[in-house]
Structures are given as C-alpha cells and as structure tokens.
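Please keep the structure in view while working through the numbered points.

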Amino acid sequence: MPETQYFAYGRQDEMLVCSCNFITDTDIVDVINSLLDEDCWQLIVPAKVYHAMQKRGRCCGCFPNVVDIIVRTTEQYHAGRHSTDDEIFDFMTRLKQFHEENRRADLERRQKSHRAA
C-alpha cells in the first residue's frame, strides 16, 4: 500500500501531528522505523516514540493519531521485510488486544472518578 503524500504549491508537505511539540508525521515515522530496526517485534506506544525524540506528551490529544501512524508504519515495515504472515498476524492481534485492554481500564477509571459516593 503506497504511503499518502501531501502536496501544496508544488512541494511535498509534512502533516503536523503534535502542535505542542511541533512534531510531524515524518518525524514519527522515522523514529518508529529506527525503533523497529533495533527490535522489529517490540511493542511501540506513543510514550516510547516521544521518549526516543526526547519529548513528552503535553496535552496528549495527538496520541490517537500517533497510534494510527504506529500501526500503519509497523504494517508497512513488516510488509517490506521477509516476515511471515503468521508473525505479522500474531503481532497485530497482540497490539489490538493491548490497546483494547488499556481502553477498558481507562474507561473504568473515568467511571469511578465521576461517582458521587
């Protein structure tokens, strides 16, 4: 699957993902690829990406977009390598399960904090 390109006024533009830290999608993709080069089966989360860039999430409103970039970049990384379908499927299943478990825990924390008693 080809990567989406952004063009304006005859030049390629980068998409600003994090306005708090002025981080573009290209910056994030580069960090993810370097992390995958170190260990191609590690679990990459937004905090790990920001730590590698020596930044921190401030408002964290960009994290859902960063997760999408992580998933897309990881899929592209493994599609371009000699990975078996079983390895890719297992990794993506674990990533989705991890994401869903954390989402449930986050919802539970929110519900408890809004209780009157």
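1. Contacts of Ile23. Setting aside neighbours within four places in sequence, Ile23 is in contact with Met15, Leu16, Val17, Cys18, Ile28, Tyr50, Met53 and Lys55, where contact means heavy atoms within 4.5 Å. Ile23 belongs to strand β4 (residues 23-24). Ile23 is buried, with a relative accessible area of 1%; buried means under 20% relative accessible area, exposed over 50%, and partly exposed in between (1.4 Å probe, protein chains only). Between the C-alpha atoms of Ile23 and Cys62, which are 39 residues apart along the chain, the separation is 9.9 Å.

2. Basis of the note. This is a predicted model, in which local features need pLDDT of at least 70 and side-chain atom pairs count only at pLDDT 80 or more, while totals for chains, interfaces and linings use all residues. Residues are numbered from 1 along each chain as its sequence is written, and side-chain values use heavy atoms, with hydrogens and water left out.

3. The chain as a whole. The chain has four helices and four strands, and from the N terminus on its elements run β-β-β-β-α-α-α-α. Helices (H or I, at least four residues) and strands (E, at least two) are DSSP runs, numbered from the N terminus. Of the 117 residues of the chain, 26% count as buried. Among contacts with a separation of 6 or more, 54% join residues 24 or more positions apart. The accessible surface of the chain comes to about 8,600 Å², and 52% of this belongs to carbon and sulfur atoms; such areas come from the Shrake-Rupley method with a 1.4 Å probe, and for residues only the protein chains shown count as cover.

4. Helix α1. This helix (residues 25-38) has 14 residues and reaches 20 Å from its first C-alpha to its last, close to the 20 Å expected at 1.5 Å a residue. The expected span is 1.5 Å times one less than the number of residues. Which residues of α1 are buried? They are Asp25, Ile28, Val29, Val31, Ile32, Leu35 and Leu36. These residues lie on the same side of α1 because they cover an arc of only 165 degrees around the axis, the arc being that of the directions from the helix axis to the C-beta atoms. On the other side of α1, Asp37 and Glu38 are exposed.

5. Helix α3. The 17 residues of α3 should span 24 Å at 1.5 Å a residue, and the end C-alpha atoms are 24 Å apart, which agrees. Buried in α3 are Val66, Ile69, Ile70, Thr73, Thr74, Tyr77 and His78. Their arc around the axis is only 150 degrees, so they are on the same side of α3. The face turned away from the buried side of α3 carries the exposed residues Pro64 and Ala79. As background, an α-helix has 3.6 residues a turn, so residues three or four places apart point the same way.

6. Two residues of α3. Thr74 is buried, with a relative accessible area of 3%, and a polar atom of its side chain lies 2.7 Å from the backbone oxygen of Ile70. Val66, also located in helix α3, is buried with a relative accessible area of 0%. Leaving out residues up to four places away in sequence, Val66 touches Val17, Ile28, Pro46 and Tyr50. Val66 and Val49 are 17 residues apart in sequence and 8.8 Å apart in space, C-alpha to C-alpha.

7. The largest nonpolar core. A nonpolar core is a set of buried Ala, Val, Leu, Ile, Met, Phe, Trp, Tyr and Cys residues joined through side-chain atoms within 4.5 Å. Of the 18 residues in the largest one, Ile28, Ile32, Ile44, Val49, Tyr50, Met53 and Val66 touch the most other members. At least two residues of this core come from each of β3 (16-18), α1, α2 (46-52) and α3, and α1 gives the most, with six residues. Ile44 touches Ile32, Leu35, Leu36, Val49 and Ile70, not counting residues up to four places away in sequence.

8. Two positive phi values. Most residues other than glycine have a negative phi. Phe22, in the loop between β3 and β4, has a positive phi near 55 degrees and counts as exposed at 63% relative accessibility. Cys60, in the loop between α2 and α3, has a positive phi of about 65 degrees and counts as partly exposed at 33% relative accessibility.

Methods
Polar contact = N/O pair within 3.5 Å; in protein donor to acceptor, adjacent residues only side chain to side chain.
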